Amino acid sequence: ALSGGGAADIPSYLDQERWAEAIRRECGGRDETCVIELQTEAFRIMNAYRESSAKARAILISAFEALRGVVGDKVVILVSQGLGFPEMGGQPGSGGIELQKIVKAATAARTAFYMVPVRTRAAFVGDIPMHLIDDDRRLHVSGLEMLATDAGGTILRGEPERSFERVLRETS
């Protein structure tokens, strides 16, 4: 538990500087009740994201395994806001075992794999600095980028309509 929000009380697996900044921004520094509520909410959000990412990864593996039984080459287009991998922690570029499971399934299914990352707008940013919001978005999308790259796929950026037009041109 956090007592007072001091740097020594911050769990070691959190980004120390950002956690301290969040406490200062949201709690004015040392309001014990606020710090505990902030920690509870952060863990709730983190666990919900982990759970939804685990479900999405399982669905992807199941879809690729089902496609493996279909003769011939296939086209898969994944439109997503993001995909987390447990081994990533707070750092993009390290999807680990979970990433490799999906890559193996996609390769075995003989898919032309297209990734369309969808950028969403934050519903509420309040006093959160834009660079933190951008970092958060990058972290969400980095899992998708690793998947597309490692699976021999293509990342299509920009307007989704143009992305679909490109897929049609390349696969016709």
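Of the 172 residues of the protein chain, 33% count as buried. The model is a predicted one. Its secondary structure comprises five helices and three strands. From the N terminus on, these elements follow the order α-α-β-α-β-α-β-α. Contacts in the chain reach across the sequence. Among those with a separation of 6 or more, 70% are between residues 24 or more positions apart.

The strands are taken next. Strand β1 spans residues 74–80 and pairs with β2 in the parallel sense. Seven bridges make up this pairing. Within it, Val79 has Val116 of β2 as its bridge partner. Strand β2 also pairs with strand β3, which covers residues 154–155. Here, too, the strands run parallel, and two bridges join them. The bridge partner of Met115 is Ile155 in β3.

Ser163 lies in helix α5, residues 160–171. Its relative accessibility is 3%. Burial requires a value under 20%, so Ser163 counts as buried. Beyond its neighbours within four places in sequence, Ser163 is in contact with Val116, Leu156 and Arg157. Val116 is also the residue of β2 that bridges to Val79.

Two packed helices are described by the angle between their axes and the distance between the axes. Helix α3 comprises residues 96–108, and helix α4 comprises residues 130–150. They pack at an angle of about 40°, with their axes 9 Å apart. This angle makes α3 oblique to α4. The class applies because angles under 35 degrees count as roughly parallel, and the roughly perpendicular range starts at 65. The crossing of the two helices is right-handed.

The α3 side of this contact consists of Leu99, Gln100, Ile102 and Val103. On the α4 side, Met146, Leu147 and Asp150 meet them. By residue class, the contact holds five nonpolar residues, one polar and one charged.

How values were computed. Residues numbered from 1 in each chain as written. Predicted model: local features only at pLDDT ≥ 70, side-chain atom pairs only at ≥ 80, totals over all residues. Heavy atoms only, no water. Axes fitted to C-alpha atoms, helices over the stretch in contact; angles between N-to-C directions. Helix = DSSP H or I, 4+ residues; strand = E, 2+ residues; numbered from the N terminus. Parallel < 35°, antiparallel > 145°, perpendicular 65-115°, else oblique. Left-handed = near helix turned anticlockwise from the far one by under 90°. Contact = heavy atoms within 4.5 Å. Nonpolar A, V, L, I, M, F, W, Y, C, P; charged D, E, K, R; others polar. Pairing = 2+ DSSP bridges. Buried < 20%, exposed > 50% of the residue type's maximum accessible area, 1.4 Å probe, protein only.
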